[in-house]
Each structure stands twice: as structure tokens, then as C-alpha cells.
Amino acid sequence: MKITNSSTILFRNTMRITDGHLDGFRHAIAQAVTFAQEHGPQLMVEVFIDEERMLAHSFQLYRDSDAIRAHWRLSDPYIREVMEHCTVQHFEIFGEPDHDIVAALKTPDGESFPFAISPRLAGFNRLETPERGESPS
């Protein structure tokens, strides 16, 4: 089997929401996602919440390591605000980011957190959408 050559990178961030910070977390994450939608390089951002366990899961898909660098430059204030209301419980990277991306994986305050990297094996995506009026192929 041939390994698929792709530079896409998927982040999965599991965050523990601090007790008493649920509303603050919701507000901060909504602002961060709105900013990313309007200005960020991400191909996709989705956030899911498990209120019972006070966990949130964020998925972000990037075209490549350059897109991650651009996101970090643009979004730092929003990331800091979100991190006032949670801690990173676990961070997963699917794909092969550049070495400087891996070395920079820390909280805004410089603290380390657990993470794992899984290199890409095979796959495809259908992220391209047809122009208005065209039917999907």
C-alpha cells in the first residue's frame, strides 16, 4: 500500500473546563471560533462540549504547518482567553507537522501538556465544494 502524501494536519484538543467557568468558557470559545472563521487559516473548526464531565473537544484542520503558524500569530489573544477557563487535558496531532510546531506546543504561559502525534497513513477529503449552481461530481 502506498502512503498518501498530504500536508494536512488535524488537531484534537481535549480541555478540562475549570469549575465555575462554564459560561466564561462558552463565551471565550464562541469568540475564538468566530474570529477563526472570519480571519483564520483553518479549513475546519468544530468544538464539542460534555457538560456532565466538564470536558470540551476541539478539532481543527489545517492545510499545513504554515497555516498552524499563521493561526498562532493571529489568534494568540483568543487562545489566552479560552485558557483562562480550562486546562489542556490531552492534545492529539494527526499528520506530520514541522519540528518547530511540535517544539512550540505549550500553553500561552509556556507550560507543557501531554500530546501524541500520529503520522498520516492513507485517506482523502471532500473539502472542496462545488460552485453555486454546479452539481457535485
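The model is predicted: local features need pLDDT of at least 70, side-chain atom pairs count only at pLDDT 80 or more, and totals for chains, interfaces and linings use all residues. Residues are numbered from 1 along each chain as its sequence is written, and side-chain values use heavy atoms, with hydrogens and water left out. The largest pocket holds about 600 Å³ of space. Seven salt bridges are counted. Helix α2 has a kink of about 75 degrees at Ser 75.

**Largest pocket**

- A pocket here is an open set of points on a 1 Å grid over the protein atoms alone, where a 1.4 Å probe fits, with protein on both sides within 12 Å along at least five of seven lines.
- Its volume is the space filled by probe spheres set on the points, which are joined across faces, edges and corners.
- Lining residues have an atom within 4 Å of a point.
- The lining of the largest pocket has 32 residues; Asn 13, Gln 60, His 71, Trp 72 and Ile 79 lie nearest the centre.
- At least two lining residues come from each of β1 (9-17), α1 (22-39), β2 (44-50), β3 (55-62), α2 (65-83) and β4 (86-94).
- These elements are DSSP runs numbered from the N terminus: helices are H or I with at least four residues, strands are E with at least two.
- α2 gives the largest share of this lining, nine residues.
- By class, the lining of the largest pocket has 22 nonpolar, seven polar and three charged residues.
- Nonpolar covers Ala, Val, Leu, Ile, Met, Phe, Trp, Tyr, Cys and Pro; charged covers Asp, Glu, Lys and Arg; the others, Gly among them, count as polar.

**Second largest pocket**

- The second largest pocket has a volume of about 240 Å³.
- Its lining has 16 residues, with Ser 6, Thr 8, Leu 61, Phe 94 and Arg 120 nearest the centre.
- Nine nonpolar, six polar and one charged residues make up this lining.

**Salt bridges**

- A salt bridge is a side-chain nitrogen of Lys or Arg within 4 Å of a carboxyl oxygen of Asp or Glu.
- Glu 92 and Arg 12 form a salt bridge at 2.9 Å, N to O. Glu 92 is in strand β4 and Arg 12 in strand β1, so the pair ties together parts 80 residues apart in sequence.
- Glu 92 counts as buried at 18% relative accessibility; Arg 12 is partly exposed at 26%. Buried means under 20% relative accessible area, exposed over 50%, and partly exposed in between (1.4 Å probe, protein chains only).
- Glu 51 and Arg 26 form a salt bridge at 2.1 Å, N to O. The pair links distant parts of the chain, 25 residues apart: Glu 51 is in the loop between β2 and β3, Arg 26 in helix α1.
- Glu 51 is partly exposed at 41%, and Arg 26 is partly exposed at 35%.
- Arg 53 pairs with Asp 50 in a salt bridge, with the closest N and O atoms 2.7 Å apart.

**Helix α2**

- The kink at Ser 75 comes shortly before the proline Pro 77. The bend at a residue is the angle between axes fitted to the seven residues ending there and the seven starting there.
- Buried residues of α2 include His 71, Ser 75 and Met 83.
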